[in-house]
Amino acid sequence: MKQRKSRIALLTNLKMTFRLRLILPVVSIGLLVYFFLYFNVGTPKIAKAGTESLSSGSYIINMGVSPQTYNNGLKPYGMVYDLMVNYKVPVKWIIDPTKSKDGTDFIYSGTSYKGGPFIIPAEYINSTITGRISYWASQGVSGLYTTTAISVPVYATLTNFPRIIIDTVSKNENIITNYFGNALIPSSAYTKGSPSFLTLCHDLWINPHGDPNWTTHGYLYDLVTVAKSFVWIQCHAVSVTEGIANSSSPFQKLNFLTTNGLKCYSNSKCGSGVTETHTGNSSAPYTLFYPTDPVMQFIGTMDGACSGGSEKWFQPQSTGSWRSTTKRLVTTATGTSPNEGVLMVYGPAYGDTTNGYVMYEGGHNIDGNGTTAEKVSAQRAFFNFVLLAGTKKQLAIDNVVTPSTIYSQESKAVSLSVSGGTPGYTFTWSCSLGGTFTNNRNASTTFRAPTVNVTTSGVITCTVVDNCSRQNFISRPITIYSTLPISLKSFYGKFKEDKVELNWIVASEVNNDYFSLERSFDGVNYTEIGRVAGSKNSVTDKRYDFIDYSPGDNKNYYRLKQTDFDGNSKTFDPIFIKGYSFGNKKSKTVYLPNPFTDKFDIDYYSDISTTIDFTLMDRSGNIVRKQSIVCKQGLNNFQFNDLTDLSQGIYYAVFNRNEEREIIRLLKY
């Protein structure tokens, strides 16, 4: 009890654990609904990327080496774990959606890669990752670096390892820990305990053996239906589990994958609702189905690994069947669909695809029977299910904004959004090349690039942790250019009759080919309206001009884009010019200059005499200047001086005229 309380204390914001064995059906349903709504748990969809082009220098982990050994077949899972968890490197899982069993996923340099290979994209390989790749190669993992770009069918981008708990009630947890040891996945990747420890913070329950009952294992009902988490079971714990029912609420059973339970492995061992048994040994031939399913990504057969123990195969009772959503991955010669015998099977609990998934494998110890290759295959299926749990239970990171290019000492916004898991979330932004973040603990912040002397490539990473300590991350490539192509002092514009004159001043230029002028009427969609040649290289102020002869009567946004001779470009913040038609005149608001340093002017043409309320706010909404301005009919000019006390950054000018309200984004250097 003391141990259990200590675990609960670690789960911030969780009010209760999974002791919901639901004695009263009406109350039970209410609690289930409460848990579902309050914790907002679900089964996120796997982010399938489709066909992707991966750059030269990527590293292919070959999962189709023959013969299969622990070194070339299991240790790659340890390598994937190491890269994801310890180094925040996303790994591509490659599966051809049209292949046959042991068919080719892709071909590179004359080699057919099979069995669901993994690829580390080149953008994330630095000297540290190269060292890790060398380490895993020394452990027997087979792979190579590409020397050309490749196009491959990506099933999923792996970034998360599930939170695992291994059953200790049967006292056979060493069976499972040996699987992890074979793959060199550390013991820190899982915990051990009884089902009474289960909470919303667990993603995968693993039961190696034993004789579960409702008192000890009824918690699994809530695990798959409320937490939407995964379950993996082997040996005779499978038929016993499928026969478990809650005596207080008989409609609650643990027949996850069948409609009426499985035939028992032995007489009277699987509960009163199970009246049939099956023979001890399964019958050949064995047939393998679903060659493109992620769980089936292994080479060859696995039946020999299931040949030991008290339950080597499974079959539904004749009064029921496998659920229609249950995938019978490896079948025996006994029975026909939907009641065929199986060695390996999985699917969503109770046939509901929103529930957690459950998988069964035959045999007491798939590490202890059969030939080495078959043991590798059986354990690979297990680890594939683990990866599947990781992809479906991961925090969903969306709306990611990071710059792909930036200049030395330049600042750009970065942001993302998160859903799933158990709120709240903590964020940690970092860049492999250094630099700073305005606040690296916020979902949205600003990255300032470090000083670099040569163009350098690296990654920006944000690690997200939920209230259950689940982790997921995004990593995005970034290139930092050593020298700013231009030093822009100002960019501004104003109406002159029916035209807009645009002016900008550049203090210095390096390798500058030309400027592009872009215009938008909605602030979102921009169109190039002209180009002005640059001065190539210059260290003195240069003034440039451009006239837009076709501005809009209402809103006009203008952007300046600079392009180097090598094709690199940089787009600067837009300016805004607003006009209203009054006969042959235009009223307009023009901020000069934008960006500004210590002062700026506002030119405003009004059709009437009125009072304008002006407010200048910083990015957080704090008011830094506020005043009322008397505006005459015609052209008005207002000057705002002595702004040196304002720090560099983004400001918003709010211009209120009668019922009109205009907000302009300004940048202070």
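Contact here means heavy atoms within 4.5 Å. The legends below describe close-up views of a predicted model.

**View A. Contacts of Phe385 in the nonpolar core.** Leaving aside neighbours within four places in sequence, Phe385 is in contact with Leu204, Phe230, Val231, Trp232, Val295, Tyr346, Tyr357, Val358 and Met359. Phe385 is also listed, with Phe118, Phe180 and Trp232, among the residues with the most contacts inside the largest nonpolar core, a set of 66 residues. Helix α9, residues 372–393, gives the most to this core, with ten residues.

**View C. The disulfide between Cys201 and Cys468.** The structure holds two disulfides, and this view shows the one formed by Cys201 and Cys468, with sulfur atoms 1.8 Å apart. The pair links distant parts of the chain, the two cysteines being 267 residues apart. Cys201 lies in the loop between β10 (190–193) and β11 (204–207), while Cys468 lies in the loop between β25 (456–465) and β26 (471–481). The torsion about the S-S bond of Cys201 and Cys468 is about -65°, so this disulfide is left-handed. Both Cys201 and Cys468 are buried.

**View D. The disulfide between Cys264 and Cys270.** Here Cys264 is joined to Cys270 by a disulfide, with an S to S distance of 2.1 Å. The S-S torsion of Cys264 and Cys270 is about 75°, and the disulfide is therefore right-handed. Cys264 and Cys270 are both buried. With the bonded cysteines of the chain numbered in sequence order, the pairing reads 1-4, 2-3.

**View E. Cys306 and Cys462.** Buried means under 20% relative accessible area. Cys306 has a relative accessibility of 2% and therefore counts as buried. Cys462 has a relative accessible area of 0%, so Cys462 is buried as well.

View F. Strand β13 (residues 245–246) pairs with strand β14 (residues 249–253) in the antiparallel sense, over two bridges. Ala245 stands opposite Lys253 in β14.

How values were computed: Residues are numbered from 1 along each chain as its sequence is written. This is a predicted model: local features need pLDDT of at least 70, side-chain atom pairs count only at pLDDT 80 or more; totals for chains, interfaces and linings use all residues. Side-chain values use heavy atoms; hydrogens and water are left out. A disulfide is a pair of cysteine sulfur atoms within 2.5 Å. Helices (H or I, at least four residues) and strands (E, at least two) are DSSP runs, numbered from the N terminus. Buried means under 20% relative accessible area, exposed over 50%, partly exposed in between (1.4 Å probe, protein chains only). Two strands pair if DSSP finds at least two bridges between them. A nonpolar core is a set of buried Ala, Val, Leu, Ile, Met, Phe, Trp, Tyr and Cys residues joined through side-chain atoms within 4.5 Å.
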